[in-house]
Amino acid sequence: MATLLTRIRFVIGAVALAFVVACVAPVNAQQRNPDSSVNPTASAVKEDQLLGELNRITGRCTLPDQKACTIEQPAGRDWRHFHQVTLRWIGGISILGMLVLLVVFYLTRGMVRLEAGRSGRVLVRFSAFERLVHWMTATCFIILAITGLNITFGKPLLLPLIGPEAFAEWSQWAKYAHNYLSFPFTLGVLVIFLMWIAWNMPTKADIEWLKEGGGLVGHKHPPAYRFNAGQKMIYWIVVIGGAAVAVSGYLLMFPFYGTNIADMQVAQIVHGVVAVLFVAIMLAHIYIGTMGMEGAFEGMWDGTVDANWAKEHHSLWAEQEAAKAQAAAPQPAGRMQAAE
Ligand code: HEM
């Protein structure tokens with residue numbers, strides 16, 4: 001049915017183009033050689049003249065979907081160039097650039113070690129609910145990233161390696177995954193926004209933390225509350241970047257609901273650029289959360305961190321937690337009250 005409709009649209013489009021050409025033809029039909037003989041190769045209507053005419057030529061057709069009548073859409077060429085060239089450059093440079101940076105950083109700085117070693121005492125860092133939301137969002141993000149990158153880079157990189165049949169099969173499943181996982185991912189971003197916003201507002205400590213290079217450059221341990229300035233940046237990138245990819249993604253998933261062709265092209269450009277930059281930035285987050293810093297991963301894995309890790313990386317938070325624990329602890333038997 002869909003192919004039949006496409007064919008009908010194609011035929012109607014072709015007829016409409018012929019109609020427009022026929023209407024404009026008289027303007028140039030009399031193109032002649034200098035000796036006034038007819039020049040048989042002069043095109044009756046030059047394409048650029050046509051394009052200059054309206055920038056977007058529509059024919060007459062009776063299909064209820066008037067978008068099917070658009071037969072010249074010059075902005076589509078700019079969009080195609082963006083999709084096939086510009087986006088690949090932006091994505092390639094940002095993602096490979098970040099990987100190179102992380103490798104260089106690892107080779108020069110190495111893992112940020114626990115300087116005081118392990119204390120053997122632990123602090124609860126993330127509740128089971130926080131970890132569930134984090135890993136659900138992270139899993140969706142990783143699958144969305146791989147399947148999204150397939151849309152941008154699959155054809156030039158993967159297709160020649162695995163051949164057209166396997167590529168078509170994989171791309172079809174990848175597209176299903178990309179569409180459906182967008183829903184739990186959006187939910188995850190929304191819950192992350194609500195659940196951690198209280199700890200992600202800027203404070204004076206963030207300025208000091210940034211001035212000290214966050215302890216990553218050099219070996220200082222600038223004080224930080226539950227989340228340091230670097231983590232707050234990651235948080236806001238996840239929230240704002242997540243919202244941008246979600247909104248632009250749903251505009252693409254439900255085409256032409258309140259959008260026209262130009263809006264759809266803008267949505268695709270926003271989606272593509274934000275997504276590749278998002279992936280590049282999250283690579284840095286994944287690096288710090290795993291091989292970049294000793295003792296960080298366990299906080300998100302089993303929910304606890306060593307007390308020395310807390311002191312070294314989040315000293316203000318460690319103090320707050322100690323004060324809370326003290327306030328909650330049963331008071332030692334008090335002094336006898338003086339009799340009245
Ligand atoms: C394999 C992938 C990932 C690993 C290993 C990882 C690891 C971690 C760890 C260990 C923390 C806690 C840091 C701390 O205790 O201070 C954390 C926090 C966080 N993660 Fe991830 N994460 C991953 C992927 C993601 C993804 C894909 C997202 C979002 C799209 C995300 C969003 C966050 C946010 C917002 C925080 C709180 C702020 C921060 O610590 O930067 N994570 N992650």
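Begin with the ligand and His285: a nitrogen atom of the ligand has a polar side-chain atom of His285 2.8 Å away. The elements that contribute two or more residues to the shell around the ligand are H4, H6, H7 and helix H8 (297–301). Please bear in mind throughout that this is a predicted model.

**The shell around the ligand.** Select the 21 residues around the ligand; Arg125, His134, Gln231, Met282 and His285 come nearest. The side chain of Arg125 has an N or O atom 2.8 Å from an oxygen atom of the ligand. For the side chain of Gln231, the distance from an N or O atom to an oxygen atom of the ligand is 2.4 Å. Which element gives the most to this shell? It is H4, with 6 residues.

**The iron atom.** Next, centre the view on the iron atom of the ligand, which His134 and His285 coordinate through their NE2 atoms at 2.0 Å. His134 belongs to helix H4 (residues 128–196) and His285 to helix H7 (residues 261–292), so the two histidines tie together parts that lie 151 residues apart in sequence. Why is the arrangement around the iron atom octahedral? There are 6 donor atoms, and the angles they subtend run from 87 to 179 degrees, which makes it so. Now display the surface. His134 counts as buried because its relative accessibility is 14%, under the 20% cut-off. His285, with a relative accessible area of 30%, is partly exposed.

**Glu130, in helix H4.** Remain in helix H4 and select Glu130. Is Glu130 buried or exposed? Its relative accessibility is 9%, so Glu130 counts as buried. A polar atom of its side chain lies 2.8 Å from the backbone nitrogen of Ser127. Leaving aside residues up to four places away in sequence, Glu130 touches Arg125, Met195, Trp196 and Arg226.

**Helix H6.** Finally, select helix H6 (residues 229–253). At 1.5 Å a residue, its 25 residues should span 36 Å, and this agrees with the 35 Å between its end C-alpha atoms. At the start of H6, look for Asn228, where a side-chain oxygen comes within 3.1 Å of the backbone nitrogen of Gly230. Colour the buried residues of H6, among them Lys232, Tyr235, Val238, Gly242 and Ser248. What covers the buried residues of H6? The cover includes H4, helix H5 (204–211) and H7.

Notes: Residues are numbered from 1 along each chain as its sequence is written. This is a predicted model: local features need pLDDT of at least 70, side-chain atom pairs count only at pLDDT 80 or more; totals for chains, interfaces and linings use all residues. Side-chain values use heavy atoms; hydrogens and water are left out. Donors are N, O and S atoms within 2.8 Å of the metal (3.2 Å for Na, K and Ca); water is not among the atoms, so sites may look incomplete. Four donors count as tetrahedral if all angles lie between 85 and 135 degrees; four count as square planar and six as octahedral if opposite donors are over 155 degrees apart and all others between 65 and 115; anything else is irregular. Helices (H or I, at least four residues) and strands (E, at least two) are DSSP runs, numbered from the N terminus. Buried means under 20% relative accessible area, exposed over 50%, partly exposed in between (1.4 Å probe, protein chains only). The expected span of a helix is 1.5 Å times one less than its number of residues. Contact means heavy atoms within 4.5 Å. A polar contact is a pair of N or O atoms within 3.5 Å; within protein, one must be able to donate a hydrogen and the other to accept it, and residues adjacent in sequence count only if both atoms are side-chain atoms. A residue is near a molecule or strand if one of its heavy atoms lies within 4 Å of it.
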